[in-house]
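Please keep the structure in view while reading.

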Amino acid sequence: MNSIARLVARDKNLSVLLVMTAVTLIVLITLLGGRFLSAGNLQSMSSQVSEFGFLALAMGLAMLTAGIDLSIVSAAVLSGIVGATVMSGQLVPITASNSNTLMLVGILAALVTGMLCGLLNGLLIAKVSIPPILATLGTMILFTGIGMVITNGQSVPIAISSYSALGAATVANIPIIFLLMVAAFLVVGFMLRRTRFGRRIYLFGENDVALRFSGVRNDRVIILTYVSIGLLVGLAAVIMVSRVNSARVGFGESYLLQAILVVVLAGFNPYGGRGRVVSVALGLILLQSLQSAFTILQFNPYVKNLIWGSMLLLVMVVNYYVARWNPRGAAPAKGPGTTTVIPPESAPSAAAETHRSPDAVSTGGRAL
Amino acid sequence: MKTSPFRAVFNRRSTAMEKYLLAIIIGYIVIVALKNPLFFSVETLFDMLRSGSGVMILAIGVLIVLVSGGIDVSFTAIAVVSGYTSVKLMLALGIDNILFAFMVSIVVGCLLGAINALIIYRFNLPTLIVTLGTASAYHGLMATVLGTKSFPTGAMPQSLVNFGSTDLIVINSDTGRYGLTVFLPIVIAVLVLTWFILYRTMLGRQVFAVGSNEESASRLGINIFRTKLFVYAYSGALSGLMGIIYFSELKYVNPVSLVGTELMIIAAVVIGGAKLTGGEGTILGTILGIVVVQLFQSTLVFLGLGSSWNDLFFGAVLLISLGVMYYRQRIQDRKNLVFATA
């Protein structure tokens, strides 16, 4: 019993999420049975989750640095529009010989646009010191504006037929785009856990001033983070365009709320420094299963809104209680996912004690 | 020497942001007027006042929340939900009275705002994410319980239609008849009331104090919960007021419109100098911010640019203003060896 409590306490959010996902899946499978577990449904679920998965991952990265990126959807739409314009045959007429090259150029253009969008966000946040929420609010409007001016609000169709086949292609019945998303999760997970850059993202979220005075170039960490977000957004755009076979302003607007929902569901702290890629994956499974269940049950979009909104609130309230719950005999938590926090009430007294202790004073004196 | 309390209003110094916005507005108007003299007409002015009234009321709600250190994205949902509830109730009870419409709508808005405050305070959660959740929850609940049927002019309560067409001053010209909207005194009343609360009452001082530093405010003996309850309930009540104005201005009740424009309005208030970190923001700045947005929305046509350019222009102005505002702050902070990102 003790060991289970210890295991649960190691990452409370993950444990809660795991239980929630398991219960939801069991309920859905008993209720819907074959309709939920059918190969067709699983396949459509895995391809639907792909484009959204990239956006959720991007939002997660932003939240790790105590930021938020409101511009992910509009940046994805803009990247999609740029990519689609290249592949629409409007710029260069498409012939049988150049269609493959154009497709590559289109994909590259979308990725580069995404990264440039991210770079702009990063520069505004790191070099101009605009708070992330405001910087990305501004770029969100700007990117939408650029997209509107390019397309005049019209949809940009794609003239290369093999491109949409890419969105529907499967390997062993698993959509390629789904595999692409899994790969992205693995890469980002590895980056956050095993590289210096990943460690710095967490540290920045915990305490950016401390990180700066540890000799790390803060600005670079932020710019690189937002460029990575831009790359993920560009990938989402590539998939989005291949699934719909066109791009237009206003596509996927509901993804913004859902991306924030998944990331908060996954236990990311909006004040930065906490959150794991595994939890994002679990959150995605939970959200997507519910989404398909709603589709099978033919819920209207407003009921979905009601459920997403209430879920977001419920999850935060549950997290609030989970954070206060401390099973007896549990080992002190370790790792960035669950670092113990000093409750705000006790923080001033702790600081005062440090000041009173003679050691602290003498080291302080020496340092000065 | 005794100074009247209103002396301060006329002698106050404009903030840097207000001056900067004023310069943008004047410069823009000059360019538009040079390009197209038709722009300078009473008609354009009356038109902008009519279409800007509702947004202005919402913006005041946003301002007071920003001053208290929070950010609320549920106000458009609250406006639609309370307005629609009120219309539904009027139709169901057969009461066709504009005062009743306002009363119901404001009460509902006030309640929804209070729920926001309760959740935010009780669980100590980030305001953005809470209101993001409540916005979809409120709107989804309304759609599920009351439906999303829209009412055209003929089917909506007659008093709303009449109220929307009421004019204070009517001018007849060869281009047609146009009037000064009855919404204007309501907007002015809201502005004066909010100014009075913010700058002439203890409550207003407490809102600023909580926004500047919640910890210090609570140690001063300010009741944080009561202050936040007031802030969100007031913002909700203003949204309720705007819901009725919105429906009667359009003469069409559509419960799925308006939601989605909240970030634009927040951006307008932020351009006016309100800071997300709280404790800062002026009513004049907010008015100027809304004027900028309204100008772009209604006058790009005069420049020969389609409406597709709206977002591009506004996004660029927003980013440049934010850039100027925060870069100055950054230089100041670096000088004082402050490195914390607020």
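## The interface between chains A and B

In this predicted model, 47 residues of chain A are in contact with 46 residues of chain B. The two chains bury about 3,900 Å² between them, and 78% of that area is on carbon and sulfur atoms. Within chain A, the residues that lose the most area to chain B are Leu134(A), Ile141(A) and Tyr302(A), which together make up 15% of what that side buries.

Across the interface there are 5 residue pairs in polar contact. On the side of chain A that touches chain B, at least two residues each come from helix 6 (99-126), helix 7 (132-151), helix 11 (208-213), helix 13 (255-265) and helix 15 (301-324) of chain A. Helix 7 of chain A gives the most to that side, with 14 residues, and the residues of the side divide into 34 nonpolar, 9 polar and 4 charged.

## The salt bridge that joins the chains

Over all chains the structure holds 7 salt bridges. Asp219(A) lies in helix 12 (residues 218-244) of chain A, whereas Arg330(B) lies in helix 14 (residues 310-335) of chain B, so this pair joins two chains. Their side chains meet in a salt bridge at 3.9 Å, N to O, and the count between chain A and chain B is 1 salt bridge. Both Asp219(A) and Arg330(B) are buried.

## Salt bridges within chain B

A salt bridge of 3.2 Å, N to O, links the side chains of Glu214(B) and Lys228(B). Because Glu214(B) lies in helix 10 (residues 214-219) of chain B and Lys228(B) in helix 11 (residues 224-250) of chain B, the pair ties together parts that are 14 residues apart in sequence. Glu214(B) is partly exposed, with a relative accessible area of 36%, while Lys228(B), at 11% relative accessibility, counts as buried.

Arg219(B) forms a salt bridge with Glu215(B), with the closest N and O atoms 2.8 Å apart; these residues are 4 residues apart in helix 10 of chain B, and so are separated by about one helical turn. Arg219(B) counts as exposed at 61% relative accessibility, and Glu215(B) is partly exposed at 45%. Elsewhere, Lys127(A), Asp219(A) and Arg330(B) are joined into one network by salt bridges that share partners.

## A buried aspartate without a salt bridge

Asp69(A) lies in the loop between helix 4 (39-64) and helix 5 (72-87) of chain A. Asp69(A) is buried yet has no salt bridge, and the nearest side chain of opposite charge, that of Arg330(B), is 18 Å away. The side chain of Asp69(A) does make a polar contact with the side chain of Ser71(A), at 2.7 Å. Leaving aside residues up to four places away in sequence, Asp69(A) touches several others, among them Met59(A), Asn121(A), Thr136(A) and Tyr226(A).

Conventions. Residues are numbered from 1 along each chain as its sequence is written. Chains are lettered from A and ligands numbered from 1 in the order in which they are written. This is a predicted model: local features need pLDDT of at least 70, side-chain atom pairs count only at pLDDT 80 or more; totals for chains, interfaces and linings use all residues. Side-chain values use heavy atoms; hydrogens and water are left out. Contact means heavy atoms within 4.5 Å. Buried area is the accessible area (1.4 Å probe) that two parts lose on being put together, summed over both. A salt bridge is a side-chain nitrogen of Lys or Arg within 4 Å of a carboxyl oxygen of Asp or Glu. A polar contact is a pair of N or O atoms within 3.5 Å; within protein, one must be able to donate a hydrogen and the other to accept it, and residues adjacent in sequence count only if both atoms are side-chain atoms. Ala, Val, Leu, Ile, Met, Phe, Trp, Tyr, Cys and Pro count as nonpolar, Asp, Glu, Lys and Arg as charged, and the others, Gly among them, as polar. Buried means under 20% relative accessible area, exposed over 50%, partly exposed in between (1.4 Å probe, protein chains only). Lys and Arg count as positive and Asp and Glu as negative; His and the chain ends are not counted.
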